[in-house]
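The following paragraphs lead through selected parts of a predicted model. Please consult the sequence and the structure alongside the text.

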Amino acid sequence: MAHWPEAATILKLIEAADTIMIHRHVRPDPDALGSQLGLKRILEVAYPEKQVYVVGGIVRDLEFLGKMEHVEPEMYQEALVIVLDTANHERIDGPHALTGKTVVKIDHHPDEDAYATHQIVDTTVSSTSEMIAELAGIWGLELDEASAFLLFAGIVGDTGRFQFRNATPRTFEVAAELINHGIDTNRLYRQMYKTNLATLQLQGYVLQNVNVTDAGVGYVKIDADVLRTFHATPEAASLLVNSFSGLEGLKCWVMFVENKDEIRVRIRSKGPVINEVAKRYRGGGHPMAAGATIEKWEEMDEVIMALDEVAAPFTFETEES
């Protein structure tokens, strides 16, 4: 079990609070939603007298995980706010999160923005959902099938179904403990990875339009015209970032997706450290998985060149020796 000294303090804050607001980052992925909704369920079961709210937008493809709730700004005055899976305060979904009486941050991204009064940040853990599962054990709070399902979904999402290198031996142990609560993994995988015809056809476009540099950087450009052609949303397109990850010789890859007044940049890697590149373009993240934002297409070539610089010296032979 993990050792986080702040865990005891955060439990006391939870026990003392009558109102708890749980936030996470904008454009949530399965880990953000799984940890958020999973923590809500754990706290509601343990403390039925408390008012626990989950706040933020929802992604249509992940609605099966649960719904968000409406809260008024004045409700934050005496509330404990817990922000999950969010490295920077600019990415918190909800304008009033930092107005709470006390703010707690629980995250597995690199700690670049200590915006909370109390925090637990651990980059060695696969996902924030895994952290919440561990914290429930540390706090002595029970999981049930519903909370286990949500936390397992978050772990599955952030480990790429346990394929990524962030899946540690402890990750598998925690996942096994969650499965022991009787969750229906078939239902989870069926709902999480279902796709419609338009998205499937867009995936075909992505596979046909992958470019790879001499340094081993793969990239795909999806502009507004492509999205309209395939009747796809930027969110659906962004989920295809790993669709060509198995390409031979690929060291890292990036997908550029146009969205209104910005261009989202999703970066993944098999070895080269790419989050420093993301930081240069209004982003950040993990060494092997990061995101950024550019404002015009002319910046796309700059991002690719920056990735070339970190990819060129990397060799898989060096990694394996």
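Helix α1, spanning residues 6-16, has A7, I10, L11 and I14 as buried residues. These four lie on the same side of α1, because they cover an arc of only 105° around the axis. On the face turned away from this buried side, α1 carries the exposed residues K12 and A16. The buried residues of α1 pack against two helices and several strands, among them α2 (30-46), α3 (128-139), β1 (19-23) and β3 (80-84). Their partners also include β4 (102-107) and β5 (118-121).

Two of these partners, α2 and α3, can be considered as a pair. Two packed helices are described by the angle between their axes and the distance between the axes. The axes of α2 and α3 cross at roughly 20° and come within 8 Å. Because angles under 35 degrees count as roughly parallel, α2 is roughly parallel to α3. From α2, the contact involves D31, G34, S35, L39 and I42, and from α3 it involves T128, S129, I132, A136 and W139. By class, the residues of this contact comprise five nonpolar, four polar and one charged.

Two bridges join β10 to strand β11 (residues 289-294) in the antiparallel sense, and A290 in β11 is the bridge partner of G285.

How values were computed:
Residues numbered from 1 in each chain as written. Predicted model: local features only at pLDDT ≥ 70, side-chain atom pairs only at ≥ 80, totals over all residues. Heavy atoms only, no water. Buried < 20%, exposed > 50% of the residue type's maximum accessible area, 1.4 Å probe, protein only. Arc of directions from axis to C-beta. Contact = heavy atoms within 4.5 Å. Axes fitted to C-alpha atoms, helices over the stretch in contact; angles between N-to-C directions. Parallel < 35°, antiparallel > 145°, perpendicular 65-115°, else oblique. Nonpolar A, V, L, I, M, F, W, Y, C, P; charged D, E, K, R; others polar. Pairing = 2+ DSSP bridges.
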